[in-house]
Amino acid sequence: MKHYVYIITNKKRGVLYIGKTKRLKTRIYQHKTKAHPTTFSARYNLDKVVYFEQFKTEGEARLKEKQMKKWNRAWKIELIEKTNPDWTDLYEILK
């Protein structure tokens, strides 16, 4: 099964949230619909997926998520802008 690390935001260079999941489209849909209204992402209206990366194992995804959460903000922005310079919501291309 595939595992993913993703970054969501509310706008270009806005608040960032890093998460991991094995069902990426479902998880992003939950963020978009605020299925869990008391979470950080719901509180800050984070519903645009601007980056995601796929991994073969949960362990690899968990390690990458932990690493990225320790990065400074500039590194996270640089990562997003390498592959998504316009900060386009990638939800529609998810499988």
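**View 1. Tyr4 has Thr21 as its bridge partner in β2.** This is a predicted model, where local features need pLDDT of at least 70 and side-chain atom pairs count only at pLDDT 80 or more, while totals for chains, interfaces and linings use all residues. Residues are numbered from 1 along each chain as its sequence is written, and side-chain values use heavy atoms, with hydrogens and water left out. Further along, Ile7 has Ile18 as its bridge partner in β2. Put together, strand β1 (residues 3-9) and strand β2 (residues 16-21) pair in the antiparallel sense over 6 bridges. (Two strands pair if DSSP finds at least two bridges between them; strands are DSSP runs of E with at least two residues, helices are runs of H or I with at least four, and both are numbered from the N terminus.) The two strands make a hairpin with 6 residues between them. Look for Arg13 in that turn: its phi is positive, about 60 degrees.

**View 2. On its other flank, β1 meets strand β3 (residues 48-55).** The two run antiparallel, joined by 7 bridges. Tyr4 turns up again here, this time with Gln54 of β3 as its bridge partner. Tyr6 stands opposite Phe52 in β3.

View 3. (Axes are lines fitted to C-alpha atoms, for helices over the stretch in contact, and angles run from 0 to 180 degrees between N-to-C directions; contact means heavy atoms within 4.5 Å.)

**View 4. Is β1 mostly covered or mostly open?** It is mostly covered: 7 of its 7 residues are buried. (Buried means under 20% relative accessible area, exposed means over 50%, and partly exposed is in between, using a 1.4 Å probe and protein chains only.) In a regular strand, side chains alternate between the two faces of the sheet. Here His3, Val5, Ile7 and Thr9 point one way, and Tyr4, Tyr6 and Ile8 point the other way.

View 5. Leaving out residues up to four places away in sequence, Thr9 touches Gly14, Val15, Leu16, Asn45, Leu46, Asp47, Lys48, Val50 and Trp87.

**View 6. Helix α1 (residues 24-33) has Leu24, Arg27, Ile28 and His31 as its buried residues.** Seen down the axis of α1, they fall within an arc of 95 degrees, so they line one face of the helix. (That arc is taken from the directions between the helix axis and the C-beta atoms.) An α-helix has 3.6 residues a turn, so residues three or four places apart point the same way. What covers the buried residues of α1? The cover includes β1, β2, α2 (40-43) and β3. Just after α1 comes Lys34, with a positive phi of about 55 degrees.

**View 7. Lys70 sits in helix α3 (residues 58-70).** Lys70 has 74% relative accessibility, so it counts as exposed. Arg43 is 27 residues away along the chain, and the C-alpha atoms of Lys70 and Arg43 are 22 Å apart.

**View 8. Finally, step back to the whole chain, with its 4 helices and 3 strands.** From the N terminus on, the elements run β-β-α-α-β-α-α. The C-alpha atoms fill a box of roughly 30 × 30 × 25 Å along the principal axes. Buried residues make up 39% of the 95 residues. Among contacts with a separation of 6 or more, 65% come from residues 24 or more positions apart.
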